[in-house]
Structures are given as structure tokens and as C-alpha cells.
Amino acid sequence: MGGLSLDTNTDARPTSERTMIYLDNHATTPCDPRVAEQMMPWLVEHFGNPHSTSHEMGRQAKSAIDTSLGVIASRLGIAADSVLITSGATESNNLAIDGICRHPRQRRRHVVTSTIEHPAVLDVVARLEKDGFRVTRVPVHANDHQLAGQIDLDQLAATIDDDTALVSVHWANNEIGVIQPMESIAEIAHRSGALFHSDATQAVGRIDVDLKRVDVDLISASAHKFYGPKGVGLLTIAGGMAARRVRLKPMIVGGGQQRNLRSGTMSPANVIAMATALELAITESALVAERVSQMRSQLWNGLVQGIDGISSNGPPANPSRRLVGNLNCRLPGIEGESWMAACSDVAFSSGSACSSVDAKPSHVLTGLGLSESEARRSVRFGIGKFNTPDQIDRAIDLLVAGYQNLTR
Ligand SMILES: Cc1ncc(COP(=O)(O)O)c(C=O)c1O
């Protein structure tokens, strides 16, 4: 990681972003060219298998991975041996939830989550439910409540008992950007001896995720959400403040490479990239948050001026309550899908990108108390560090013109 310039270099943004205006940074972010540059030698030159430590090339790869794990762990406030490398947050969530609940020594049979989690959590708990586990999905406060989108802590406390194995609540939401009250959830979960897992995929690299400050036992994250490559993520285990014992049943078995918890050859290029991306994201976070938050206001003000009756979904734009680059809004009269089709030079989303193959209205928005029709009239924008105020101005023109074409 030596020799990296930590300046945000917007001219280095990928070509695709210069032709199309990419405002979908919750779905994925472009790989920062400085991150890609760090990967290259580990793909082409130093290609040794990090688990073949009988020779120098393998040892070199292992040592690069160990250094990167150290960087990741210290940035998250945990010990290096508390980080497992995965293929992304979907795998991390599966491993955390299934791994804890299905461990042969797990006696508890209850799992608690929220109604607005990502499918990579909800589908895992649904499968556990089919297999006989008791599952509680705690609702969040409604859109017109002052705590819109936050989990209802009273209902959370009321549902947890000494049969609860795990509470899994995401740190920040991918559609409405709401940031959950992590300290309170941790306190409630631990009161009855449950473990607390958080899908921190949208939080890591965007807001402060310090496991020395917040008592979470496991978190999931994914490099492509913080300007790293796709296909690599992490699960932290037993790294929480109290270092509670986490017993995981492995999902992927084979060579036992990561302490028998996750088998398969690790990719030095990917792990180095994730560490570099995390380091850049954290070092530059204040600067990025300020720019992104200004562009978010610019976009919202432009849309409000150009589209009568547009309204916002989710919590207020307050950095302690909502990810600064997130905007979720509801249109009068037309569906989000039609608006997207009418504005094909702007990349944004009518729901969670990961589930946009699914024609159902967003469960996050209906979970907020919106009707199905309101949810279908909603779209999500995610502004990122490579966007520019010029792009936002152009996007406003295209979005307003697209809306007018559809409604006139
Ligand atoms: C909150 C959340 N969790 C999990 C995922 C899945 O991440 P991955 O693409 O790394 O599997 C996503 C992706 O959008 C997400 O936003």
C-alpha cells in the first residue's frame, strides 16, 4: 500500500462513467484506478498460491495477504485473525447466519432480524424457518415517523428471549440509506446472550464502522461497495468488544484454507485490493462525504424544482441518520420503471439492484408503510465519489425532461 496518493482524482474515473451518468452507487461502485493498479502485479507477476508455502512464491503471496488482513482488521478495530475473506457480502451473510444457527453445538432455535434487510439475509432466515427455526422479523418505524426506517427497539426487546441464537440487523440500508441504532441493538441482543451480526455492506467505507466502539460480534462487507473489485468480501468473527465466542459451521469445505471455516484458494490480488480500497475509503471519508452530500442536495433541489409533487422516502438527510449519498423519492403519477426507461442516459434504480429482476414492489418501501402503488412510483439514487456537480446538473435536466415527456 506504500506510495499511494490519497487525493481523490476525479479525472481518473472510468470511461463508462463519462458517457453515462452513473447514479447507482448502492448497487456497486467503480473500482478506483488506484486500487486496480495495486492488484495488477499480483495477477500477472506474483501469482504464487498463498497456501503453497513450501516455496518462496507462495510465501510471498501469503505474506501480502497477511499484511492486507492486518490493514483491514486494524481499520475495523479488530484482530487480524478475526477476518474471514469471502466472495462478497451474500456469502458472508449466509455464512454468519447459517453458520451460527446450524452449528452442531447450537442449542438456541430463534433468529431475529428486521423486515427491511437485504435478500442475502432474509432468504437465509426464511430457509432456517422452513427447517424448524423460529424467526421474528421486527418492523421499522414508518415513513412519517421521526425515526423513519429505524428498527422498532421496543418490539426488538420484546421478542428476544433466552432461546434467541442470533440477532441480524443491517448497519445501513441499500435503498433508503437509513442507519440503524447499532449500540442500542447490540445492548438488547446481548442482554439475553444472543450474538449480534450486522450486514454492514452499505456502511463499511462510507461511515465509521469501528468495532472497538460498537459491540457487534460479526459484520459482513463487500469490496465493490467501497470502490474495490467485485467478488471479494469479508466476515468478521469474534472480533466484537467482548470477543464473545462465535461458533460457525462452515458452508464451503475443501482445503480448509481459512482455519477450516472457509475453504478455497485466497486471491492475493483481491485481498490487497479490498485492503487498499478500505484504506482509501476511510482516509478520504470526510472529504468524500462532504462532496457527496452537496451533490445529493443539488440533485434533490433540482428535482423538487422541476417535478411538482415529488416526495422523499426514508429518514431526513442527516448524516447520523442516513447515508449521505442516498436519495429515494416518489413520483406523482408515473412508475419508477417508466421513468428509468425514459431517462436511459442516467443509471439509477427502481429498487434494490440485487433484486430488480423481481417485479414485486420493494419490500423495504412497503416495510416503511408505503402502499404498493407508492413503492412502484419510487426510485433510488446513490451518489458516489466519482460523480461531479456537472453530472448532477445534466442528470437533473434529463430526469425532469423524461418526467415531462411521460406526463404531458
Ligand atoms: C445491504 C447489502 N447486503 C448484501 C449485499 C450483497 O452483496 P454482494 O454483492 O457482495 O454479494 C448487498 C448488495 O447490494 C447489499 O446492499
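Reader: How far apart are the end C-alpha atoms of helix 8?
Author: They are 22 Å apart. That agrees with the 22 Å that its 16 residues should span at 1.5 Å a residue, where the expected span is 1.5 Å times one less than the number of residues. Helices here are DSSP runs of H or I with at least four residues, strands are E runs of at least two, and both are numbered from the N terminus.

Reader: Good to know. What sort of model is this, and how are residues numbered?
Author: It is a predicted model, with residues numbered from 1 along each chain as its sequence is written; local features need pLDDT of at least 70, side-chain atom pairs count only at pLDDT 80 or more, and totals for chains, interfaces and linings use all residues. Side-chain values use heavy atoms, with hydrogens and water left out.

Reader: Back to helix 8, how many of its residues are buried?
Author: 14 of its 16 residues are buried, and helix 8 is mostly covered. Buried means under 20% relative accessible area, exposed means over 50%, and partly exposed is in between, using a 1.4 Å probe and protein chains only.

Reader: Let's switch to the ligand. Which residues are closest?
Author: The closest are T90, D199, Q202, S222 and K225, out of 13 residues that surround the ligand. A residue is near it if one of its heavy atoms lies within 4 Å.

Reader: What classes are those shell residues?
Author: The shell has 2 nonpolar, 9 polar and 2 charged residues. Ala, Val, Leu, Ile, Met, Phe, Trp, Tyr, Cys and Pro count as nonpolar, Asp, Glu, Lys and Arg as charged, and the others, Gly among them, as polar.

Reader: And which side chains have polar atoms by the ligand's oxygen or nitrogen atoms?
Author: D199 has a polar side-chain atom 2.6 Å from a nitrogen atom of the ligand. For S222, a side-chain N or O atom is 2.4 Å from a ligand oxygen, and for H224 a polar side-chain atom lies 2.9 Å from an oxygen of the ligand. A polar contact is a pair of N or O atoms within 3.5 Å.

Reader: How much of the ligand does the protein cover?
Author: The protein covers 91% of the 390 Å² of accessible area that the ligand has on its own. Areas come from the Shrake-Rupley method with a 1.4 Å probe.

Reader: Which element gives the largest share of the shell?
Author: Helix 4, residues 89-101, with 3 residues.

Reader: Tell me about that helix. Why is it called largely enclosed?
Author: 12 of the 13 residues of helix 4 are buried, so it is largely enclosed by the rest of the structure. Among the buried ones are A89, S92 and N93. Helix 4 reaches 18 Å from its first C-alpha to its last, close to the 18 Å expected.

Reader: What touches S220?
Author: S220 touches A89, S92, N93, H197, S198, D199, A200, T201, L234 and L235, leaving out residues up to four places away in sequence. Contact means heavy atoms within 4.5 Å. S220 sits in strand 7, residues 218-222, and is buried at a relative accessible area of 0%.

Reader: Which residues have a positive phi without being glycine?
Author: Y227 is one of them, with phi near 70°, and R259 is another, with phi near 50°. Y227 lies in the loop between strand 7 and strand 8 and is buried at 11%. R259 lies in the loop between strand 8 and helix 8 and is partly exposed at 43% relative accessibility.

Reader: Okay, loops then. Is G309 buried or exposed?
Author: G309 is exposed, with a relative accessible area of 58%. Its loop runs between helix 9 and strand 9. Leaving aside neighbours within four places in sequence, G309 is in contact with R330 and P332. The C-alpha atoms of G309 and P332 are 6.0 Å apart, though the two are 23 residues apart in sequence.

Reader: And P319, where is that?
Author: P319 is in the loop between strand 9 and strand 10, and is exposed at 57%. Beyond neighbours within four places in sequence, P319 is in contact with I179 and V324.

Reader: Last one! What does L406 contact?
Author: Leaving aside neighbours within four places in sequence, L406 is in contact with I334, S338, W339 and A342. L406 is in helix 13 and counts as partly exposed at 36% relative accessibility. Its C-alpha is 7.6 Å from that of A342, 64 residues apart along the chain.

Key: A polar contact is a pair of N or O atoms within 3.5 Å; within protein, one must be able to donate a hydrogen and the other to accept it, and residues adjacent in sequence count only if both atoms are side-chain atoms.
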